[in-house]
Structures are given as structure tokens and as C-alpha cells.
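Reader: I would like to go through the terms used for this model one at a time, setting each value against its cut-off. Could you take me through them?

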Amino acid sequence: MPMTTSTSTSSSKTTPSQRKTLGRVMHEYAHGELKSGPGGKAGPVKNRKQAIAIALHESGASKYDSPKERQHSYARTKQKEADGETYQQEVEGKSHVGARGKRESSPAMGGKERDQTNAARQVDPP
């Protein structure tokens, strides 16, 4: 009888927004911007495994958190990103993309609407 490996169809899938958060946190780690502890007072994260754990926690994809804790962590991260309070945004001087009156995309990102603001793009329905 041949051995077969079973694949679980209920494996945890991450949403595109969660993957974006994972990428941001790992970018912070790679550039030495990811801090540990309350308010980042414990200093920069040096361990890649710890950085991955922080990324999964912030994106709400950690299997070690309860569903309620995952939802809370993800909501808090999204609010932090919207307010421009991530270390990456602070260091690189970026505001929240898509905020009212802000650039839709920075020139460095090469976005189509990099020269227009959201307020200018909004059109009132007739």
C-alpha cells in the first residue's frame, strides 16, 4: 500500500492585506527598524524567528493567538498603519496611502495617481 500525504484544506490562508503587513514587518526587521517590547523600549529585534512571530501576530495570522486576539491585533495594526505610526512610515516619511487629501501613491512607488490627491479625485455623483 503506497504512503500518501494528506493535505489539509482548512489550512490557514492569509489575506492580501495580511501579507502586506507581514511584508512591512519583515522589511522593518531587515532594515533594523523593528523594535521589541512596549513602545519599542527593548531595542531592535535581532532574531529572525522573533521577527516572524511579531509579523504573524501583527497581521492576525498567528496560530498561537485566539481568534479574538488575532482580530484585535490585526485591527490595532491596521489603525497604526492608517495613522502613519509604523516604524517604516516614520523612518521613510510616508503617510498612509489612500488617506483623504494625501497622495494616492508616492512618486517613488511609481503609482498612476502619484500626482493627484484623493480629494482631487473624488467626484460627486450627478
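Author: Ser59 lies in helix α2, where a helix is a DSSP run of H or I of at least four residues, numbered from the N terminus. The model is predicted, so local features need pLDDT of at least 70 and side-chain atom pairs count only at pLDDT 80 or more, while totals for chains, interfaces and linings use all residues. Residues are numbered from 1 along each chain as its sequence is written, and side-chain values use heavy atoms, with hydrogens and water left out.

Reader: Why is Ser59 called buried?

Author: Buried means under 20% relative accessible area, exposed means over 50%, and partly exposed lies in between, with a 1.4 Å probe and protein chains only. Ser59 has a relative accessible area of 0%, and therefore counts as buried. Leaving aside residues up to four places away in sequence, Ser59 touches Gln18, Thr21, Leu22 and Tyr74, a contact being heavy atoms within 4.5 Å.

Reader: How do you know that the span of helix α1 agrees with its number of residues?

Author: The expected span is 1.5 Å times one less than the number of residues. For the 15 residues of α1 (residues 16-30) this gives 21 Å, and because the end C-alpha atoms are 21 Å apart, the two agree.

Reader: Which other salt bridge does Arg24 make, and why are its two residues called buried?

Author: The side chains of Arg24 and Glu81 also meet in a salt bridge, at 2.9 Å, N to O. Glu81, with a relative accessible area of 10%, is buried, and Arg24, at 8% relative accessibility, therefore counts as buried.

Reader: Why is Lys80 called partly exposed, whereas Glu58 counts as buried?

Author: Lys80 has a relative accessible area of 27%, which means that it is partly exposed, whereas Glu58 counts as buried because its relative accessibility is 12%. The side chains of Lys80 and Glu58 meet in a salt bridge (3.6 Å, N to O), linking helix α3 with helix α2 across 22 residues. Salt bridges with shared partners join Arg24, Glu28, Glu58, Lys78, Lys80 and Glu81 into one network.

Methods
Helix = DSSP H or I, 4+ residues; strand = E, 2+ residues; numbered from the N terminus. Salt bridge = Lys/Arg side-chain N within 4 Å of Asp/Glu carboxyl O.
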